[in-house]
Amino acid sequence: MGVQHAGLLMNKVADDPERHLDALDDAGIHISTLITAGFQLGDPASWSATRAVHRAMIDLVASRKGHSIYFTTGRTVSCDWDEDLALFAEAVAPTVKYGQERGVIAAFEPTLRTNVSFCGSLSDAIEIAEVTGLGIVSDFGNNWAERGLRETVKRAMPHLALAQIGDIAISSAGGRSHIGKGDLPLERMLGDILDAGYEGVFDLEVVPADYTAETNEDELREGIRAASDLLYAMKI
């Protein structure tokens with residue numbers, strides 16, 4: 001398929017990371033980013049274990065000259081937003097420091113999945129990045145409907161670690177869709193990021209509506225083609 005870089009889910013390599021990553025090396029595929037576990041903010045006793053996972057994932061990415069790790073913030077149900085931010089800043093500080101020492105960006109993704117995050121918008125993510133020193137992952141599928149998105153992207157630019165290009169089927173109950181098969185104004189959104197000065201990594205979320213299901217090779221190739229066509233059209 002011509003793939004040279006891939007973002008990985010931690011749970012797809014966790015059983016034997018070196019074997020899996022060696023297989024990718026043999027195929028000429030390099031790690032760009034690695035998605036890893038978030039914090040259980042309401043359970044401080046669990047933070048040290050999560051930090052240990054982050055350190056291990058940072059080491060894996062650093063050993064392959066990768067770009068970043070990222071995760072969601074976690075949340076409580078008993079604290080308000082500012083209290084959750086204070087807990088998160090305390091929890092994540094060692095991860096940020098270790099990433100800086102190893103030359104790997106530690107980042108977080110604002111997501112609409114409220115069970116794993118107290119941060120659902122790019123605008124709120126900016127404050128979190130300023131407080132914690134984390135990078136931000138901007139996912140089209142989470143940020144597309146935000147008010148004033150173009151200006152928010154500009155404000156987020158100093159913190160933006162990764163831009164994820166995906167699509168959403170707004171007009172149906174389909175949810176996530178392959179790039180170019182949904183309804184998002186992808187060229188406009190990509191243009192906003194480029195106009196704001198982004199020169200970093202793009203992550204192509206080539207997924208069907210049910211992203212827990214297997215994607216067959218034809219679907220995967222079609223998604224990669226659509227993403228490539230979009231990038232070429234934008235002269236990237």
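1. Contact means heavy atoms within 4.5 Å. Not counting residues up to four places away in sequence, Ser32 touches His5, Ala6, Gly7, Gly66, His67 and Ser68.

2. A word on the model. This is a predicted model: local features need pLDDT of at least 70, side-chain atom pairs count only at pLDDT 80 or more, and totals for chains, interfaces and linings use all residues. Residues are numbered from 1 along each chain as its sequence is written, and side-chain values use heavy atoms, leaving out hydrogens and water.

3. Back to Ser32. Ser32 sits in strand β2, residues 30-35 (strands are DSSP runs of E, at least two residues, numbered from the N terminus). Ser32 counts as buried, at 10% relative accessibility. Buried means under 20% relative accessible area, exposed over 50%, partly exposed in between (1.4 Å probe, protein chains only).

4. Next, the nonpolar core. The term means a set of buried Ala, Val, Leu, Ile, Met, Phe, Trp, Tyr and Cys residues joined through side-chain atoms within 4.5 Å. The largest one has 57 residues. Ile69, Phe88, Phe108, Leu134, Ile136 and Phe140 touch the most other members. Apart from it lies another core, of 5 residues, including Tyr70, Val137, Ala161 and Leu162. In soluble globular proteins, nonpolar side chains tend to be buried together.

5. Which residues does Leu134 touch? Beyond four places in sequence, the list is Phe71, Phe88, Val92, Val96, Ala106, Ala107, Phe108 and Ala129.

6. Last, the cysteines. The structure holds 0 disulfides (a disulfide is a pair of cysteine sulfur atoms within 2.5 Å). For Cys79, the nearest cysteine sulfur is that of Cys119, 16 Å away. Cys79 is partly exposed, at 27% relative accessible area. Cys119 is buried, at 0%.

Conventions: Helices (H or I, at least four residues) and strands (E, at least two) are DSSP runs, numbered from the N terminus.
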